[in-house]
Amino acid sequence: MRIQAEETSLNAMNTSANQEQPRRQGFFARFLEKTGSLTVFSLRFFPSVFVPPYELGEVRRHLDDLGSKSIPLAGITGFIVGLIIAMQTRPTLFRFGADSFLPAMVAISFVRELGPVITALIVAGRVSSGIGAELGSMRVTEQIEAIEVSGIDPYKFLVVTRVLACILLQPLLTAMVNAIGLFGAYVAVAIESSMSWQLYWDSVVQSLTFADLIPGLAKTAIFGFIIGIVGCHQGFHAEGGTVGVGRASTTAVVLSSMLIIFTDMILVKLTVWIWP
Amino acid sequence: MALVEVQNIWKAFDGHSVLRNVSMVVEKGTAAAVLGKSGAGKSVLLKIIIGLIKPDAGSAMIDGKDVVALRRKEINALRKTMGYLFQGAALYDSMSVRENLAFPLERQITLTGEELEDRIVTQLKLVGLESAINKMPSELSGGMKKRVGLARALITNPRIMLYDEPTTGLDPITSREISYLMRSLQERYQLTSIAVTHDMQCAKIIADKVAILHDGCLEHQGTLETLEQSQDETVRSFFVSV
Ligand SMILES: Nc1ncnc2c1ncn2[C@@H]1O[C@H](COP(=O)(O)OP(=O)(O)OP(=O)(O)O)[C@@H](O)[C@H]1O
Ligand SMILES: [Mg+2]
């Protein structure tokens with residue numbers, strides 16, 4: 001072994017690098033940097049997802065874990081929202097003699113809009129924050145580096161598996177929330193009128209068309225992607241110890257919720273344009 | 001033959017320079033120890049060698065390949081021949097000790113369940129922790145974590161080992177045992193290793209050559225005996241403190 005200790009012969013390049021002072025970045029520069037980093041991080045998902053190894057066991061484990069975390073809260077919220085919407089709108093519809101439209105109204109609003117968005121926002125609060133905190137603590141305790149030094153791509157092992165689980169989970173959860181919400185609405189209807197479940201369900205089914213189901217479902221997968229990728233991005237880039245973990249977790253919720261609402265706005269415009 | 005060769009590495013964080021023109025060469029089958037005060041940049045140096053941190057300038061050659069310039073795929077292949085013991089052990093919180101050890105091994109070679117279990121138990125016996133196989137990392141003491149981390153780093157039979165403070169947090173007896181383990185592994189498998197440590201006794205047992213990282217520069221390299229004779233202020237302070 002030979003260890004050399006060259007005297008510090010500073011060359012020009014290194015001098016400038018060493019004397020560079022930390023610069024305070026402006027808000028706009030930081031915003032651009034974060035957006036760029038999130039975009040690059042998201043785009044990496046698509047090539048990575050098709051390259052083996054697929055780690056299906058991990059995907060299954062996350063599905064189990066994330067699903068069991070979200071089902072109770074999403075279900076209860078769906079039921080209550082359904083109940084409230086029916087209770088709120090029934091008097092108005094009744095005044096115009098249109099209360100037989102109630103099942104159709106609840107069905108369309110749930111399937112097209114309320115179901116996907118409510119579910120996504122709840123899962124964002126529950127799952128995105130959890131992923132942010134989990135990966136964040138892995139980052140600050142060097143567990144992500146430990147995966148890296150084993151020659152394993154942590155993006156594939158940690159990010160791709162979680163995002164896939166979110167993409168698969170979201171449509172299923174949304175279908176569940178839709179069903180529970182419609183049931184909640186029926187409960188409100190049944191309390192105040194004598195409409196039978198059969199009649200209610202028939203008018204629900206009749207009112208829904210293909211054009212309601214597909215955008216609603218496609219949307220959920222996109223929301224799932226947002227929830228997973230934002231949580232992972234925040235956690236993956238957490239820094240500054242335990243404080244950083246907390247920050248990653250809160251930012252994940254705020255950012256994914258905002259992105260969900262924003263994306264929804266664009267998608268609504270898009271679906272209206274495709275299916276006028 | 002030089003297996004690990006660090007050339008003129010510079011690294012600064014936010015304008016605060018940590019490594020300044022650091023160069024070192026570790027021959028195949030030998031062990032080097034790097035001594036240095038807390039915050040001297042020892043961990044940073046090791047992370048540069050395995051490609052976790054990019055230096056501002058300079059290169060880190062392993063087996064003739066520059067880690068700094070390699071693509072992700074190539075560096076992953078190279079890392080499979082290396083082992084790294086983290087200062088804080090960095091065990092996977094969500095996995096048991098068994099799963100922690102299985103994780104790198106399963107993804108490198110295909111083994112039957114029995115062979116896998118066998119390798120895991122053997123490795124844990126080496127560090128004296130076979131009884132902890134079903135425990136979660138949160139149930140282990142700091143020193144136990146460190147030893148599991150060591151077992152995990154060694155389980156894939158790496159050619160090159162990088163140890164970040166292998167004996168800190170261990171009692172003197174275990175510390176000696178671990179040092180002798182490192183020495184014997186090195187002799188048995190012709191391991192090439194770099195250990196960063198404060199522990200002079202450990203350095204004495206494991207290292208063929210020693211270097212001191214001081215003020216961002218790697219200086220006063222040589223065998224332990226030559227350094228012990230040195231009159232230099234920094235070198236003396238290391239020997240006086242133990
Ligand atoms: N990711 C980072 N960002 C900013 N500064 C860092 C980073 N990593 C290390 N440093 C700085 O580099 C210097 C050297 O850190 P390093 O962890 O290598 O010390 P060390 O020699 O390993 O000390 P110890 O013996 O306490 O582990 C410290 O001053 C630290 O503040
Ligand atoms: Mg260190």
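Predicted model: local features only at pLDDT ≥ 70, side-chain atom pairs only at ≥ 80, totals over all residues.

Residues are numbered from 1 along each chain as its sequence is written, chains are lettered from A and ligands numbered from 1 in the order in which they are written, and side-chain values use heavy atoms, leaving out hydrogens and water.

(A salt bridge here is a side-chain nitrogen of Lys or Arg within 4 Å of a carboxyl oxygen of Asp or Glu.) A:Glu113 sits in helix α5 (residues 102-140) of chain A and A:Lys219 in helix α9 of chain A, 106 residues apart. Helices are DSSP runs of H or I with at least four residues, strands are E runs of at least two, and both are numbered from the N terminus. A:Glu113 is partly exposed at 27%.

Next, cross the chains: B:Lys47 pairs with A:Glu142, with the closest N and O atoms 2.4 Å apart. That takes you from helix α1 of chain B to the loop between α5 and α6 (143-149) of chain A. B:Lys47 counts as buried, at 13% relative accessibility. Over all chains, the whole structure has 17 salt bridges.

**The magnesium ion**

Which protein atoms hold ligand 2, the magnesium ion? Select B:Ser43 (OG) and B:Gln87 (OE1), the protein donors, 1.9 to 2.2 Å from the ion. Donors are N, O and S atoms within 2.8 Å of the metal (3.2 Å for Na, K and Ca), and water is not among the atoms, so sites may look incomplete. B:Ser43 belongs to helix α1 (residues 42-49) of chain B, while B:Gln87 is in the loop between β6 (82-85) and α3 (97-106) of chain B.

**The core**

Finish with B:Leu19, one of the residues touching the most other members of the largest nonpolar core, which has 77 residues. Such a core is a set of buried Ala, Val, Leu, Ile, Met, Phe, Trp, Tyr and Cys residues joined through side-chain atoms within 4.5 Å. Helix α7 (residues 154-192) of chain A gives the most to this core, ten residues.

Technical notes: Buried < 20%, exposed > 50% of the residue type's maximum accessible area, 1.4 Å probe, protein only.
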